[in-house]
Amino acid sequence: MRIVMPLFDRFTALDVVGPYEVLRFLPDAEIVFAAATPGPVRDGAGRLTLTAEAAFAEIASGDLLLVPGGPGTRGLVHDDALLGWIRRLHGTTTWTTSVCTGSLLLAAAGLLDGLPATTHWNAADLLESFGASYTPERVVFQGKIVTAAGVSSGIDMALSLVELLTDRTTAEAVQLAIEYDPRPPFDAGSPDKAPREARDLLARSLRR
């Protein structure tokens with residue numbers, strides 16, 4: 001089971017690390033971090049670095065492609081080299097997946113034309129501008145393509161994939177191993193639920 005996770009400048013850390021912590025439990029999992037050039041890649045906050053051990057050009061196939069999101073995706077939706085690599089790898093995968101605004105890259109590569117898909121709620125309009133149909137679900141399956149909504153939803157998607165690739169009991173064991181039993185202190189995890197003050201504060205920070 002070769003799992004390929006592309007990295008790029010200003011990726012969102014949890015988009016990668018959350019699914020990684022789940023998928024690494026798969027039997028015979030080989031997880032490959034790839035980037036345009038091998039070496040350290042900084043996240044969107046500029047404080048966390050992950051290391052890509054392979055260049056995109058060195059990865060011609062994979063069983064599962066997982067494209068993370070992050071602020072850097074906006075600048076990559078017209079990167080022909082990256083989008084071409086995503087299309088080529090998609091031709092070899094059993095599952096092609098994304099977390100958060102990683103779906104923008106799938107859509108820009110032409111993989112989501114006319115399909116229901118999800119992304120971070122703040123990127124819904126942009127996702128639709130590339131031909132997808134935004135749906136505010138946490139995880140959306142469309143054939144072998146799976147999109148997850150914002151950031152933390154990548155854990156949910158990864159657990160669903162573990163069940164499909166093994167069985168429910170294994171997925172439940174992985175959930176127990178990472179003690180994924182969310183009980184958030186606030187019910188503000190979506191635009192429909194968050195108080196106006198929280199929405200306004202976030203809107204101001206996104207404009208900076």
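Student: Which elements each supply at least two residues of the lining of the second largest pocket?

Tutor: This is a predicted model. The second largest pocket holds about 210 Å³ of space. Its lining comprises 14 residues, and those closest to its centre are L7, F8, A36, F56 and L76. At least two lining residues each come from β3 (39-42) and α2 (80-90).

Student: How do the residues of that lining divide into nonpolar, polar and charged?

Tutor: Tyr and Cys are counted as nonpolar here, and Gly as polar. On that basis the lining of the second largest pocket divides into 10 nonpolar, two polar and two charged residues.

Student: Which residues lie nearest the centre of the largest pocket?

Tutor: The largest pocket has a volume of about 1,000 Å³. Its lining divides into 18 nonpolar, 12 polar and six charged residues. Of the 36 lining residues, those nearest the centre are H120, W121, G150, G189 and S190.

Student: Which are the edge strands of the open sheet?

Tutor: The open sheet has seven strands with mixed pairing, in the order β5-β2-β1-β6-β7-β11-β10. An edge strand pairs on one side only, and this holds for β5 (54-55) and β10 (139-142).

Student: What angle does the direction of helix α5 make with that of β7?

Tutor: Strand β7 (residues 95-99) pairs in the parallel sense with β11 (residues 145-148) over four bridges. Helix α5 (residues 153-165) packs on the sheet and touches β6, β7, β10 and β11. The direction of α5 makes an angle with that of β7 of about 160 degrees.

Technical notes:
Residues are numbered from 1 along each chain as its sequence is written. This is a predicted model: local features need pLDDT of at least 70, side-chain atom pairs count only at pLDDT 80 or more; totals for chains, interfaces and linings use all residues. Side-chain values use heavy atoms; hydrogens and water are left out. On a 1 Å grid over the protein atoms alone, a cavity is a set of points where a 1.4 Å probe fits but cannot get out, and a pocket is an open set with protein on both sides within 12 Å along at least five of seven lines; lining residues have an atom within 4 Å of a point. Grid points are joined across faces, edges and corners, and a volume is the space filled by probe spheres set on the points. Two strands pair if DSSP finds at least two bridges between them. Contact means heavy atoms within 4.5 Å. Axes are lines fitted to C-alpha atoms, for helices over the stretch in contact, and angles run from 0 to 180 degrees between N-to-C directions.
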